[in-house]
Amino acid sequence: MSDLVDGLNELKDAQDAYDEAAEFYDGTAPEIWTSTRLARMLRGASGKFRVNWARTTVTAVLDRLEINAVTCTDEAQQTAIEEIWADNKLGLEAPIVHEEALEFGDTYLIIGTADEDEDGIEFRVHGPDEVRMFYSRENPHKPTYALKAW
């Protein structure tokens, strides 16, 4: 099969896991008990004492994530980085990107030219339900292609 067909199939196959992650994060996933005896004992209490541990964990990690700086040694490039950061309001976007990455395990920033300014650079956040990165079988750290579905 082609990379496109394989990629679309993988994107589709991963959807259930991302839906489940969203349910856990939103606190709507069904409760799972370690034993039937415990489930019987707490049958009527379902929802009364429910703690959303998934959201709690994501929030705890998110509160500790911080981008200290994006730097380079070339002064002109550093100025460009700072302008791009400000123009795209990446200080405001970063927590959103981080939260989605913590919720789903994946998230993507696609960088391209700005619609209204061909010289400008624009960052767009995409969730794992619409974008997937694929890597080399020989070198799992080397991306081979990415797929974006609408």
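Tyr-25 is found in helix H1, where helices (H or I, at least four residues) and strands (E, at least two) are DSSP runs numbered from the N terminus. With a relative accessible area of 6%, Tyr-25 is buried, a term that stands for under 20% relative accessible area, whereas exposed stands for over 50% and partly exposed for the range in between (1.4 Å probe, protein chains only). Tyr-25 and Ala-86 are separated by 61 residues in sequence and by 30 Å in space, C-alpha to C-alpha. The structure is a predicted model, in which local features need pLDDT of at least 70 and side-chain atom pairs count only at pLDDT 80 or more, while totals for chains, interfaces and linings use all residues. Residues are numbered from 1 along each chain as its sequence is written, and side-chain values use heavy atoms, with hydrogens and water left out.

The chain contains five helices and four strands, and from the N terminus on these elements follow the order α-α-α-α-α-β-β-β-β. The radius of gyration, taken over C-alpha atoms, is 20 Å for the chain, whereas a compact globule of 150 residues would have a value near 15 Å by the rule of 2.2 Å times the number of residues to the power 0.38. Along the principal axes, the C-alpha atoms fill a box of roughly 65 × 45 × 30 Å. Of the 150 residues of the chain, 20% count as buried. A further buried residue is Thr-107, with a relative accessibility of 17%, and Thr-107 is placed in the loop between H5 and S1. Between Thr-107 and Thr-71 there are 36 residues in sequence and 23 Å in space, again from C-alpha to C-alpha.

Side chains of opposite charge can pair when their charged atoms come close. The structure holds four salt bridges, each defined as a side-chain nitrogen of Lys or Arg within 4 Å of a carboxyl oxygen of Asp or Glu. One of them joins Arg-132 to Glu-10, with the closest N and O atoms 3.6 Å apart. Because Arg-132 lies in strand S3 (residues 131-135) and Glu-10 in helix H1, this pair ties together parts that are 122 residues apart in sequence. Arg-132 counts as buried at 19% relative accessibility, while Glu-10 is partly exposed, with a relative accessible area of 38%.

Another salt bridge is formed by the side chains of Lys-148 and Glu-130, whose closest N and O atoms are 2.9 Å apart. This pair links distant parts of the chain, since Lys-148 is in strand S4 (residues 143-148) and Glu-130 is in the loop between S2 and S3, 18 residues apart. Lys-148 counts as partly exposed at 22% relative accessibility, and Glu-130 counts as partly exposed at 24%. In a further salt bridge, the side chains of Arg-124 and Glu-122 meet at 2.6 Å, N to O. Here Arg-124 counts as partly exposed at 39% relative accessibility, but Glu-122 counts as buried at 18%.The surface also carries a patch of negative charge, in which Glu-82, Glu-83, Asp-87, Glu-116, Asp-117, Glu-118 and Asp-119 gather. Patches are made of residues with over 30% relative accessible area and no salt bridge, like charges being joined within 9 Å and nonpolar side chains (Val, Leu, Ile, Met, Phe, Trp, Tyr) within 5 Å. Lys and Arg count as positive and Asp and Glu as negative, with His and the chain ends not counted, and the place of a charge is taken as NZ of Lys, CZ of Arg, CG of Asp or CD of Glu. Glu-116, one of the residues in this patch, lies in the loop between strand S1 (108-113) and strand S2 (121-126), and is exposed, with a relative accessible area of 68%.

A nonpolar surface patch of about 280 Å² is made by Trp-33, Met-41 and Leu-42, where accessible areas come from the Shrake-Rupley method with a 1.4 Å probe and, for residues, only the protein chains shown count as cover. Trp-33 is placed in the loop between helix H1 (3-26) and helix H2 (36-41), and with a relative accessible area of 33% Trp-33 is partly exposed. In another loop, between helix H4 (75-87) and helix H5 (90-104), lies Lys-89. The phi angle of Lys-89 is near 50°, a positive value in a residue other than glycine, and Lys-89 is exposed, with a relative accessible area of 51%.
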